[in-house]
Amino acid sequence: MNQSALKLQNFRNEVYQLLGPAKDSTFELMDAVLITRNVYSFAELSLSPVFRRKWPSLYEAMDDCRPKAHKLMRRYISEIRASTGQQRIILAGDHTPWPRTEAPTLKDRTYEHGAKVISGKPITLGHGYSTLAWIPEAKGSWALPLRHDLITSHQTPIIKAILQVKQVRRYLQERPITVWDSEYGCAKFVKMAKGIDADFLMRLSPNRCVYAEPPKYQGKGRPRKHGQKMKLSDPTTWGVPVSSVEINNPTWGIVEITRWSKFHFYQAAEQKMEIVLIQRKGKGLSKKAAKPMWLAWIGEEILSLKWIWELYLRRFAIEHWNRFVKQRLHWTKAKLGTTEKGQRWSHLMPILTWQLWLARDIIEDNPLPWQKPQVREKLTPGRVAQSFSGLLTVIGTPAKPPKPRGKSPGWKKGKKAVRPRVVLRR
């Protein structure tokens with residue numbers, strides 16, 4: 001067994017000890033998920049050859065297991081330290097729904113953005129989950145979650161995301177860069193992020209307004225907090241940019257990147273931001289000119305404009321993970337009766353993803369007849385999962401086999417019963 005296989009085996013052994021009670025059935029459930037490509041229901045995972053128990057054990061595992069999410073997060077971070085070297089750590093945050101429209105009595109259901117339409121609006125009923133993931137590669141679809149937690153009805157996605165960043169930052173040795181979608185590009189997120197030792201790159205909605213620095217104080221009245229208003233949807237209010245660069249990208253064509261310095265939100269005047277506009281001119285492989293994309297950067301130093309654009313493109317890996325965890329890891333197939341069971345099941349999703357990542361270096365690609373082969377360096381999570389069953393026969397499983405209960409054999413035929421002597425005392 002080579003070094004990479006031993007590393008994966010050690011990871012599986014350590015994770016096995018962090019699953020709490022019912023760790024044997026829970027671990028076999030995870031292996032069943034990894035090698036099962038399609039299922040129609042959660043109970044169908046019990047038909048997998050690596051799940052050596054009966055189908056009720058699936059639900060008993062979710063009743064009894066207690067994955068230690070915090071210790072698991074620290075275990076994931078130890079893998080980051082061993083892999084990054086001198087590179088900056090890139091973290092991406094996102095919020096994704098788990099629709100539960102069929103469970104009206106389920107605790108903490110909220111309205112979530114989704115494909116299903118309720119009352120003519122693109123919303124659904126269910127649970128929202130906040131994910132903070134490490135993006136290990138400049139290109140590709142790999143996102144490795146460090147936290148994947150339920151957003152309760154008493155929280156908002158922004159509050160949960162800030163809490164997750166604080167939890168992860170406590171165990172990182174260097175200052176990370178965090179990348180966020182437009183849901184987090186607002187004053188509330190910026191104010192709550194103040195004081196966290198991390199850099200933030202956020203996408204802004206095209207209808208946002210930001211404000212420049214106020215003019216110099218004239219000595220009369222209260223000092224102004226805001227300067228010239230910049231409405232992102234109105235080019236006449238943009239003012240003179242600090243710098244601009246034009247890039248000829250083979251995929252995206254000609255891309256113009258422009259930067260304005262020292263702007264802020266109206267409700268967060270003390271937090272200065274760099275505003276970046278990215279405009280694709282529509283040449284190259286993509287013939288259409290895309291809508292302009294606005295970004296806001298809060299950090300110790302401004303990075304090169306080209307690097308900021310490429311950095312934000314890495315955030316889309318977490319979008320791939322959201323789709324992968326629902327379609328291939330069967331996250332939303334489980335119809336569990338309580339919110340607590342759903343959270344325990346959800347804590348297993350990062351474990352499964354990290355196993356696939358560690359197995360990438362030792363997996364031999366096994367494409368289906370209609371799939372093109374992939375080189376090992378470019379294997380996607382789905383292709384690694386497709387070949388994982390062969391690897392299991394090599395590395396084995398730390399889960400113990402079940403102990404069949406059966407029926408008592410009863411009293412052996414012909415065996416004499418020995419009755420105890422009764423001694424009467426006066």
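**Close-up views of a predicted model**

**View 1. Contact of helix H2 with helix H11.** Within this predicted model, Asp31, Leu34 and Ile35 of H2 meet Phe388, Ser389 and Leu392 of H11. By class, four nonpolar residues, one polar residue and one charged residue make up the contact of H2 with H11. Helix H2 covers residues 23-35, and its axis comes within 8 Å of the axis of H11. The two axes cross at roughly 140°.

**View 2. Contact of helix H1 with helix H11.** Helix H1 spans residues 3-17 and helix H11 spans residues 388-395. Their axes come within 11 Å and cross at roughly 85°. Because angles of 65 to 115 degrees count as roughly perpendicular, H1 is described as roughly perpendicular to H11. On the H1 side, the contact is made by Ala5, Leu8, Gln9 and Arg12. On the H11 side, Phe388, Leu391, Leu392 and Ile395 take part. Sorted by class, the contact of H1 with H11 has six nonpolar residues, one polar residue and one charged residue.

**View 3. Salt bridge between Lys7 and Glu79.** The side chains of Lys7 and Glu79 meet in a salt bridge, with 3.4 Å from N to O. Lys7 lies in helix H1 and Glu79 in helix H4. The two residues are 72 residues apart, and the pair links distant parts of the chain. Across the whole structure, a search finds 21 salt bridges.

**View 4. The largest cavity and its lining.** The structure holds one cavity of 30 Å³ or more. The space in the largest cavity amounts to about 60 Å³. Its lining consists of Ala69, Leu72, Tyr76, Leu146, Arg147, His148, Asp149, His347 and Pro350. Helix H4 (69-84), strand S4 (144-151) and helix H9 (339-359) each supply at least two residues of this lining. Strand S4 gives the largest share, with four residues. By class, the lining of the largest cavity has five nonpolar, two polar and two charged residues.

**View 5. The largest pocket and its lining.** The volume of the largest pocket is about 500 Å³. The pocket is lined by 18 residues, of which Ala138, Lys139, Glu310, Leu313 and Arg314 are the closest to its centre. Helix H7 (305-313) and helix H8 (316-327) each supply at least two residues of the lining. The largest share, five residues, comes from H7. The lining of the largest pocket comprises 10 nonpolar, four polar and four charged residues by class.

Methods
Residues numbered from 1 in each chain as written. Predicted model: local features only at pLDDT ≥ 70, side-chain atom pairs only at ≥ 80, totals over all residues. Heavy atoms only, no water. Axes fitted to C-alpha atoms, helices over the stretch in contact; angles between N-to-C directions. Parallel < 35°, antiparallel > 145°, perpendicular 65-115°, else oblique. Contact = heavy atoms within 4.5 Å. Nonpolar A, V, L, I, M, F, W, Y, C, P; charged D, E, K, R; others polar. 1 Å grid on protein atoms, 1.4 Å probe; cavity = no way out; pocket = protein on both sides within 12 Å on 5 of 7 lines; lining within 4 Å. Points joined across faces, edges and corners; volume = space filled by probe spheres on them. Salt bridge = Lys/Arg side-chain N within 4 Å of Asp/Glu carboxyl O.
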